[in-house]
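Hi everyone, thanks for making time. Let me put the model up and walk you through a couple of spots in it.

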Amino acid sequence: MDTLEQSNNTGELIAILAAAQDAPENVTLHIITDSQYAINGIHKYGQKIERLGYIDTANREIVKAIRASLRMRPGDTYFEKVKGHSSNVGNDGADALAGTGAVREEYDNINLAIPTDYDIEGAEFIGLTQAQLYRGIREKLEKLLKPRRGAVVWLDIIRWAVKEKTETFPTDRTIWRAIRHPDIDRKVRAYLYKTIHNTNKVGEYWEKIPGFEGRAKCPQCDNRIESVEHIMTECTGTGQQTIWKLADDLLTKKNIDIKNQSIGGILGCALPQFKLATGRPNKALNRLYTIIMTESLYLIWIIRCEWIIENMGDPDKILSEQEITRKWMHRINRRLRLDQIMSTKQQYKWKKVSRKLVLETWQGVLNNEENLPTDWTQIRGVLVGTGVGMRPPGRNR
Ligand SMILES: [Zn+2]
């Protein structure tokens, strides 16, 4: 092991390592620190440093151990930078720990062990200078040259699915831009981004981590390996069948049939090409389709995570059709309400949308629509109606 740098920086890193290793693995870890050094090393430039094989990185053993520990946690991790020596309790605690670390001669009880196979050693070929290449990593070249397949494969799957439906062949850039569209909920955008990059902790991800191999399998479906495709189109534990049925019922009212969608079609749902009779894009219909599809796929993911992570895949915790329907209606109605708000005023994090577009988007799918005024954007309690799980009109919760 390299000698650890004795400094306040080292102490901060060790405090974070302790948090990463000791916090219950499913909780969201919120790391509050005044050390920009730690945030840069672990988070901001972490990937880059990792790619370069930790060459010339001070405290490399600790940074590596932190990144490996964080990556193994199913829970998310957030970093928050605070001013040093504020009255923030958590931060003062970390500082106290950092102070102790800095004066210690030896770092006993610090677990820098990284599970084998998980210790990302070699640098990737790209981004290396000639000099760096010769600095002891040459023998690893063969390993390094393995292409990173995740995003490339998913982009192709989406591209072909979109082509099949719309006769257009979107470029990578078009796909990335589409999934960043402001009509899509911010969390769903992040989910799609991670899915296409293959960085969600699902299936094969766990197979590579010693001691966690069991997590690769779906607890419900005959030991099938979990995958995005399984979760979204096959699984009997994620509510996907009910959710796609609800989405189909709603979209059928606009003459859209989404039965038997492929995973490519689902993940490519931000690229619809419905057209008006004039041949121009049907903006409102495209918008409704993307909203319903993204809200639905994300609900499936949420239900999957609650069931598998929080409830440990307990078969008794699989939601009933009724519960799933209630959740779906709630999500779609929440999104409808958000549309109403966005059409009347600028919202934090949401772009303003024209009232006309909002009215057109939801036209034909609302509950009790014939009794609504032409402009219903200011009326509380407007709901979508699907025929299934419909709630009495006029109620708002
Ligand atoms: Zn399953």
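So, which residues are the protein donors of the zinc ion? They're Cys 218 (SG), Cys 221 (SG), His 230 (NE2) and Cys 235 (SG), lying 2.1 to 2.3 Å from the metal. Donors here means N, O and S atoms within 2.8 Å of the metal (3.2 Å for Na, K and Ca), and water is not among the atoms, so sites may look incomplete.

Quick caveats: this is a predicted model, where local features need pLDDT of at least 70, side-chain atom pairs count only at pLDDT 80 or more, and totals for chains, interfaces and linings use all residues. Residues are numbered from 1 along each chain as its sequence is written, and side-chain values use heavy atoms, with hydrogens and water left out.

Back to the zinc ion: its four donor atoms subtend angles of 104 to 113°, so the arrangement is tetrahedral (four donors, all angles between 85 and 135 degrees). For reference, the ideal angle for four tetrahedral donors is 109.5 degrees. Along the sequence, the donor residues follow the spacing C-x2-C-x8-H-x4-C. Cys 218 sits in the loop between α11 (204-207) and α12 (228-234), while His 230 is in helix α12, so the pair ties together parts 12 residues apart in sequence. Helices are DSSP runs (H or I, at least four residues), numbered from the N terminus.

Buried or exposed, then, for Cys 218? Cys 218 counts as buried, because its relative accessibility is 0%, and His 230 is buried too, at 1%. Buried means under 20% relative accessible area, with a 1.4 Å probe and protein chains only.

Conventions
Four donors count as tetrahedral if all angles lie between 85 and 135 degrees; four count as square planar and six as octahedral if opposite donors are over 155 degrees apart and all others between 65 and 115; anything else is irregular. Helices (H or I, at least four residues) and strands (E, at least two) are DSSP runs, numbered from the N terminus. Buried means under 20% relative accessible area, exposed over 50%, partly exposed in between (1.4 Å probe, protein chains only).
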